[in-house]
Amino acid sequence: MTRKWFGLLIVAGMAVFSVLVLPALPAEIPIHWNLAGEPDSTMPKALGAFLMVFVGVGVLLLFLGLPRIDPRRRRYAEFRRSYWLLCNLVLIFLAAAHVLVLALGVGWDVDPVQAMLVGMGLLFAGISPILPRLSPNWWTGIRTPWTLSNDTVWRRTHQLGAYTCAFAGLLFVATGFLPHPARLWASALVFLAMVTIPVAYSYVIWQGLGEDRLG
């Protein structure tokens with residue numbers, strides 16, 4: 001889970017699954033659903049069956065390339081294993097979404113919105129313990145003007161972020177079982193709180209450091 005080759009296995013598994021289910025898919029498969037769980041966009045199966053595979057390849061290439069163009073690239077050695085764990089968790093989420101899309105394509109009776117909300121909740125919960133392990137960088141973590149200007153602000157913000165992300169993850173799972181449209185508003189409020197609280201906290205910490213804030 002903490003090695004870059006694990007992500008290659010995930011993407012390869014997605015491709016193999018696509019090949020296996022391709023004969024059972026209809027000519028057009030749904031690839032997007034509205035918040036009521038109704039399909040509102042389709043794609044020819046030859047492309048739709050591999051869409052998330054292409055996205056997974058893109059994510060993997062992105063994680064490979066970002067440290068190379070980060071002005072703080074030397075800091076990545078401090079959290080390399082956590083960095084690739086983060087990448088692999090995102091790829092696992094994409095793989096689950098990939099299986100969901102193709103399962104719905106072959107006729108499985110699954111609520112796609114509920115499944116995605118539960119999946120997002122588990123992803124956020126999985127990411128939460130990674131946050132305190134991240135060193136300051138320009139691409140991952142809670143990046144605000146205040147966390148990027150002071151290592152203390154970065155550290156303390158990510159400690160709080162770990163708790164807010166974990167709690168938000170659990171709430172996302174719970175919102176998946178609410179009726180529509182209640183789950184729309186509930187999930188939006190949870191996401192807003194998850195983003196806003198650490199950002200505001202980083203500013204409060206930065207202000208409280210006074211003359212030491214640029215240290």
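Me: What makes the place of T144 a loop between two helices?
Reply: T144 is found between helix 5 (112-127) and helix 6 (151-175). Helices here are DSSP runs of H or I with at least four residues, strands are E runs of at least two, and both are numbered from the N terminus. This is a predicted model: local features need pLDDT of at least 70, side-chain atom pairs count only at pLDDT 80 or more, and totals for chains, interfaces and linings use all residues. Residues are numbered from 1 along each chain as its sequence is written, and side-chain values use heavy atoms, with hydrogens and water left out.

Me: Why is T144 called buried?
Reply: Its relative accessibility is 5%. Buried means under 20% relative accessible area, exposed over 50%, partly exposed in between (1.4 Å probe, protein chains only). So T144 counts as buried.

Me: Which residues is T144 in contact with, leaving aside its neighbours within four places in sequence?
Reply: V199 and S202. Contact means heavy atoms within 4.5 Å.

Me: How many of the 215 residues of the protein chain count as buried?
Reply: 40% of them.

Me: What share of contacts with a separation of 6 or more comes from residues 24 or more positions apart?
Reply: In the protein chain, 70%.

Me: What pattern does the protein chain follow along the sequence?
Reply: The pattern reads α-β-β-α-α-α-α-α-α. That comes from seven helices and two strands.

Me: How far does the C-alpha trace span along its principal axes?
Reply: About 65 × 40 × 25 Å for the protein chain.
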